Structures are given as structure tokens and as C-alpha cells.
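Open the structure in your viewer and keep the selection tool ready. Each stop below says what to select and what is there.

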Amino acid sequence: MDEFFMFSDFDFKYMRQALREAKKGLGRTSPNPCVGAVIVKNNTIIGQGYHKKAGTPHAEIHALRNAGKFADGGTMYVTLEPCNHTGKTPPCCKAVAAAGIKKVVIGMLDPNPLVNGNGIKYLREAGIEVCHGLLESECRELNNAFLTYISTGKPWVVMKAGLSLDGKITFRKNFGDALTGTESLRQVHRLRDTSDAILAGIGTVTIDNPSLTTRLAKGKGHDPIRIILDTSLRISEHARVVGQISSSPTWIFCSKSVDHKKALRLERAGLIIHRVKTTVDGRLNLQQVLNVLGSQQITSLLVEGGAIVHGAFLNDRLVNRACLFYAPVFAGDNGISVISNHIVDGDGKQAIRLANIKHRKFGEDVMICGDVLYPEKGG
């Protein structure tokens, strides 16, 4: 939809408020996108809302209810194109038109084939002025997970690691040494809070015995689904993730040839076992793992390692973004590198790089976050 619109400072102001509303739904709306809506009249916000959970009213409906009868004649700012189809909830476009909204300003079009321009078409046919593309890049950034899921059927994958200045995640082998500080740890829990699922390899689970839960101030935050890669099902039945008290389950991905009796005991303990194919080198087929996650409407995945898992995900070109927390320390030769089993040719032309890099300081640590760029195959 190739159109050009001029936007005022007020337009930017109110769309930014709609984005703030939308962010409240991060990690809660899958498989739906995060959406925020603001209704303005006489340069005053009279209603606002956000999509809270799949199957519940969309952002536009919350904003209309918040505005009540004052919505008539107002302008709605919404981060994503309103829907014009009936899913688990009625179409938003009809509610917008029925409320007497005179203008709708949209951040980005909805790539969902069920929407994708149809919402704009309905609104215009109803006599409503519509413009779009305001703060589009920010709206897309907010919904990276949804955009990846709707186009590929797989989750958006973020690789996270805390490491030393010389690229090590521990000071020594087989010990889960903490390198980064408490401020970085808080940010990691914020990442968990906005992720559908969190993944770790059996090596990390064996060494660190992590809970893989979200721990924010005042008990806020939601636990992502815990995903463990364990080819031969060697996880201890006393591991924290096995007996974890949580609103979210623990899933284990293993090969199809694991011990049936142990799998049954784990299932009786509440774990969900997924048997998948293995590759020629005996590791789990990560493409199939992501296919299973996508089939269960998981749109975002936080990969927390360890080194073998990081290397495997990068080798298979499955990481979309990397968030690396660097501590101001050198770990030395006894430490474990952040990535293993990943080889780059001598001149570096086939090296994986980061783009759209952001830097942020957490205490004495520095986070580097960027989109993963893979080299052209055969280049």
C-alpha cells in the first residue's frame, strides 16, 4: 500500500503514547501481536487501552470502552491496523466505525493474511479518514516476535549470554560462575518476563541447576515455558526445573530412542516430553524443535545456552537477535567460550555479525544487543 502522509508533532506524541500502551502486553499476547490504542479529541486523550491476552478484547475495544460516548468524533491512534474479521473476538473495525471515530492513524499494516489492508479498506468505506506508517519502525520493533511467527511459523529467537571481556561465560569448566552483576541479572529477568519460552541445554541444567523462572520486584512478571534440550534424557529427576512450582510448564526435547521408563516418570512429575529427530552428528534437530514451538503458538524464545547450544543455533542460522552482557573482567584460558563448535574461515568473510546495535550500561556491565546478520551461503 504505497501512500504518503504528513504527520504533525501531535500525531507523533499520541502514537508514542499508543506504543507505551502496547508495551504493557509484551510477553502476554501470543500468538497475537502487542497493540496499543489512544483516542484523542480536542488535543486531549479521552481513551486508551492495550491488548492484554489472546482471546480477550483488542486494544481498540479497550480504548473505546475507556472513552465511552466521548469517542464520537475523535481520532484513534493505533499501533497496528485494526482487524476486519471475526476470530476469538469480533472485528475491531466495526466497533471503531460504530463509535463514530472520524479518523484513524495507524502505525503499521498487519501482515496477517486475514487483515493485511482489509482493515483500512473497511474503515475508508465507512467514511473514516485513515493514514498509516507513523512510527512504523518502532511499531515493527515492538512486534518482532509476531512478525517472525506470522511469516515463518517459528518463534523469534534471542540469544542471551553474560560473558567476560575475552568472551568467556565461566571462569572454569563445569562450574556455573556468575560473571555479570545484579543489575544485569535484573535485565535478564525482564527479558524472561517478555518471552514466551526460555531454552537451555542439558549441560547448563546439570552444572547450574537453574530454575529458569522470572523473578522481578514484588513478585511481578510471568514465567516463560521452560525448554530443555536433552538428547539422551539424562536430566536429574531432582533438578529444579523438574519440580518447579510455576504457572508455566517445563518441556524436554529429546531423541526418539530415550529410555521409556524415565520419560514416563518425568511425565508423571508434570514435564512434557517432545521426541524429535536427530541430525547426522547425533544432536537434536533444532529446526524441528522450533517447528514444534511454533505449532504451540510460541512466538518468542530466549536462548540462554550454554556454549554448545549457542553454537548450534548460530550454525543453523536460527538466532534473530543477540543480547550479550559484558562484565569488566578477563576470565582467562580456563574459561568456557560463549560459543563452541562454530568455525569461521581465516579471512572472516563468513563471520556472523550484528547490525542495528544498541549499547546500554547495567551497573558496571555493558549490554550489546543487535540483530544477527548471516553471511550469504557460499559467499
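Start with a pair of side chains. Select K160 and E304: both are buried, where buried means under 20% relative accessible area, exposed over 50%, and partly exposed in between (1.4 Å probe, protein chains only). This is a predicted model, in which local features need pLDDT of at least 70 and side-chain atom pairs count only at pLDDT 80 or more, while totals for chains, interfaces and linings use all residues. Residues are numbered from 1 along each chain as its sequence is written, and side-chain values use heavy atoms, with hydrogens and water left out.

**The salt bridges**

Stay on K160 and E304. Their side chains meet in a salt bridge, at 3.7 Å from N to O. The term stands for a side-chain nitrogen of Lys or Arg within 4 Å of a carboxyl oxygen of Asp or Glu. K160 sits in strand β6 and E304 in the loop between β11 and α11, so the pair ties together parts that are 144 residues apart in sequence. Helices (H or I, at least four residues) and strands (E, at least two) are DSSP runs, numbered from the N terminus.

How many salt bridges does the structure hold? There are eleven.

Select E237 and R265 next. Their side chains form a salt bridge at 2.8 Å, N to O. E237 is in the loop between β8 and β9 and R265 in helix α9, 28 residues apart. E237 counts as partly exposed, at 35% relative accessibility. R265 is also partly exposed, at 40%.

Go on to R283 and D316, a salt bridge at 3.0 Å, N to O. R283 belongs to the loop between β10 and α10 and D316 to the loop between α11 and β12 (321-326), so parts that are 33 residues apart in sequence are tied together. R283 is partly exposed, with a relative accessible area of 25%. D316 is partly exposed too, at 23% relative accessibility.

**The nine-stranded sheet**

Colour the strands β10-β9-β8-β7-β11-β6-β12-β14-β13. In that order they make an open sheet of nine strands with mixed pairing. Two strands pair if DSSP finds at least two bridges between them. Which strands stand at the edges? They are β10 (272-275) and β13 (353-362); each has a single partner strand, so one side of each is left without a neighbour in the sheet. From one strand to the next, the twist averages 20°. Axes here are lines fitted to C-alpha atoms, for helices over the stretch in contact, and angles run from 0 to 180 degrees between N-to-C directions.

Select helix α9 (residues 260-268). It packs on the sheet and touches β9 (250-254) and β10, its direction making about 145° with that of β10. Contact means heavy atoms within 4.5 Å. Then zoom in on β7 and β11, which run parallel and are joined by three bridges. L199 stands opposite V303 in β11.

**Helix α11**

Select residues 307-315. Seven of the nine residues of this helix, α11, are buried, so it is largely enclosed by the rest of the structure. Among the buried ones are V309, H310 and F313. α11 lies across β6, β7, β8, β11 and β14, running at about 145° to β6. The cover over its buried residues includes α10 (286-295) as well as β14 (365-373). Step just past the helix to R317, which takes a positive phi of about 60°.

**The five-stranded sheet**

Now colour β2-β1-β3-β4-β5. This is an open sheet of five strands in that order, with mixed pairing. Its edge strands, β2 (44-50) and β5, each pair on one side only. The twist averages 15° from one strand to the next.

Select β4 (residues 103-108). Is this strand largely enclosed or open? Five of its six residues are buried, so it is largely enclosed by the rest of the structure. Strand β3 (residues 75-80) pairs with β4 in the parallel sense over five bridges. The chain gets from β3 to β4 through helix α3 (residues 92-98), and this β-α-β crossover is right-handed: with the strands pointing away from the viewer, the path from the first strand over the helix to the second runs clockwise. M76 stands opposite V104 in β4.

On to β5 (residues 129-132), which runs parallel to β4 and is joined to it by four bridges. I106 stands opposite H132, and the bridge partner of V105 is C131. Finish on helix α4 (residues 118-125), which makes a right-handed β-α-β unit with β4 and β5. α4 lies across both strands, running at about 155° to β5.
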